[in-house]
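Thanks for asking me to look this one over.

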Amino acid sequence: MTQADLWQALPMPAFILDADDRVAESNGQAENFLNRSSRAMSAHPLWELIDLEGGLAHATARVRRNLAPLTLHDVALRVGSGPALRCDLHLSSLEAGVLLLIAPQEIAGRLDRAQNSRTAARSAIGMAEMLAHEIKNPLAGITGAAQLLSMNLASEDLELTELIVTETRRIVKLLEQVEQFGNLRPPQRRAVNIHDVLDRARRSAMVGFAAHMTIEEAYDPSLPPTLGDPDQLQQVFLNLLKNAAQVAEHGGKVTLRTFYELNLRVRQPDGSRGALPLHVEVIDNGPGVPSDMAASLFEPFVSGRENGTGLGLALVSKILHDHGGWISVDSKPGHTAFRVSLPLAPKNMNDDPQTIEDQ
């Protein structure tokens, strides 16, 4: 194996910086991490491309001054407008510059917390499904009785029976949404062009609930196919677009962004570590997620809106979990980004639908 092969085989983003902190060399992991080619990176000092807690220039200057390695543990690093990542950085002095290795920390702890949350959610949903089935029958009787009463009431009393009918129908609709969790079939996964799925979701949103908004596209045209159920993935993005539309004012904007990142791996329920390199971000310029809701945002019955059911994002989380995917959110006032991470379709996979159990 040649030195070049070893350089490319490094399992983390690696850079060699010149005297001005410009990228003299970078490996494939570095290109994926910054979503830029080596040639595009070489035109900028690296500190223009990444925002590092404490400043990258200060760290590289210290390495050059002391001629000694430097390790920075648990620092916040942000690429562009993406969410902050906790990373370990390793810097070493070279004759021609500085070697920088970036090691994103495990997100297994977050995944474990999400798994525990999903377990509790499944228990809550299971009980809610049982109650929904039992409650819908008496609600139908209440609605029918109110309609019969309205036939013999004076006009000034009809408002009360209409209220009973309206509210019971609203409860039935809510119960049907709860039942949707249990009735969701296993995903029929195949190779899917995620941009086709996004386009269908965008067109549906623009003629309905998002007609008052602008939806922009920032697609990576070279994105490979993902492994998924196109109908269920469309439901995911429709729910995320509806969530953005409900909090946006007239004239609000949503950006659909896709990109590719080879170095993201998460621990799966069976203990293995699966790669989720394909990402879709739904970014809105709304007021942001309340800080006290961020940790429980994808749990059922959690909503920041008055009269909200809190089921839309919980359904999104369930569908993505069934796909072996992942969802996260980075939010501040004026910028909320929901990031969906999905696996790639195997290169030899045909277009025939396959269930998760077939994989």
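1. Ground rules. This is a predicted model, so local features need pLDDT of at least 70 and side-chain atom pairs count only at pLDDT 80 or more, while totals for chains, interfaces and linings use all residues. Residues are numbered from 1 along each chain as its sequence is written, and side-chain values use heavy atoms, with hydrogens and water left out.

2. Six strands make an open sheet in the order 2-1-6-5-4-3, with antiparallel pairing. Its edges are strand 2 (23-26) and strand 3, each of which pairs on one side only. On average, neighbouring strands here are turned by 35 degrees against each other, direction ignored. Strands are DSSP runs of E with at least two residues, helices are runs of H or I with at least four, and both are numbered from the N terminus. Two strands pair if DSSP finds at least two bridges between them.

3. Around strand 6. Strand 6 joins strand 5 through eight bridges, the two running antiparallel, and they form a hairpin with two residues between them. Leu 91 stands opposite Leu 100 in strand 6. Strand 1 also pairs with strand 6, in the antiparallel sense over four bridges, and here Ile 16 faces Leu 99. Six of the eight residues of strand 6 are buried, so this strand is largely enclosed by the rest of the structure. Buried means under 20% relative accessible area, exposed means over 50%, and partly exposed is in between (1.4 Å probe, protein chains only).

4. Strand 1 and strand 2 are antiparallel partners over three bridges, with Leu 17 opposite Val 23 in strand 2.

5. Helix 5. Which residues of helix 5 (residues 56-66) are buried? They are Leu 56, Ala 59, Thr 60 and Val 63. Seen down the helix axis, they fall within an arc of 95 degrees, so they line one face of helix 5; the arc is taken from the directions from the axis to the C-beta atoms. The face turned away from that buried side carries the exposed residues His 58 and Arg 65.

6. How helix 5 sits. The buried residues of helix 5 pack against several elements, among them helix 4 (46-49), strand 4 (70-79) and strand 5 (85-94); contact means heavy atoms within 4.5 Å. Helix 5 runs at about 30 degrees to strand 5. Axes are lines fitted to C-alpha atoms, for helices over the stretch in contact, and angles run from 0 to 180 degrees between N-to-C directions.

7. Strands 10 and 13 pair in the antiparallel sense over seven bridges, with Thr 255 opposite Ile 283.

8. Gln 232, in helix 9, is buried at 4% relative accessible area.

9. Rings. Arg 257 lies over the face of Phe 259, 4.0 Å from the ring centre (the criterion is NZ of Lys or CZ of Arg within 6 Å of the ring centre and within 35 degrees of the ring normal).
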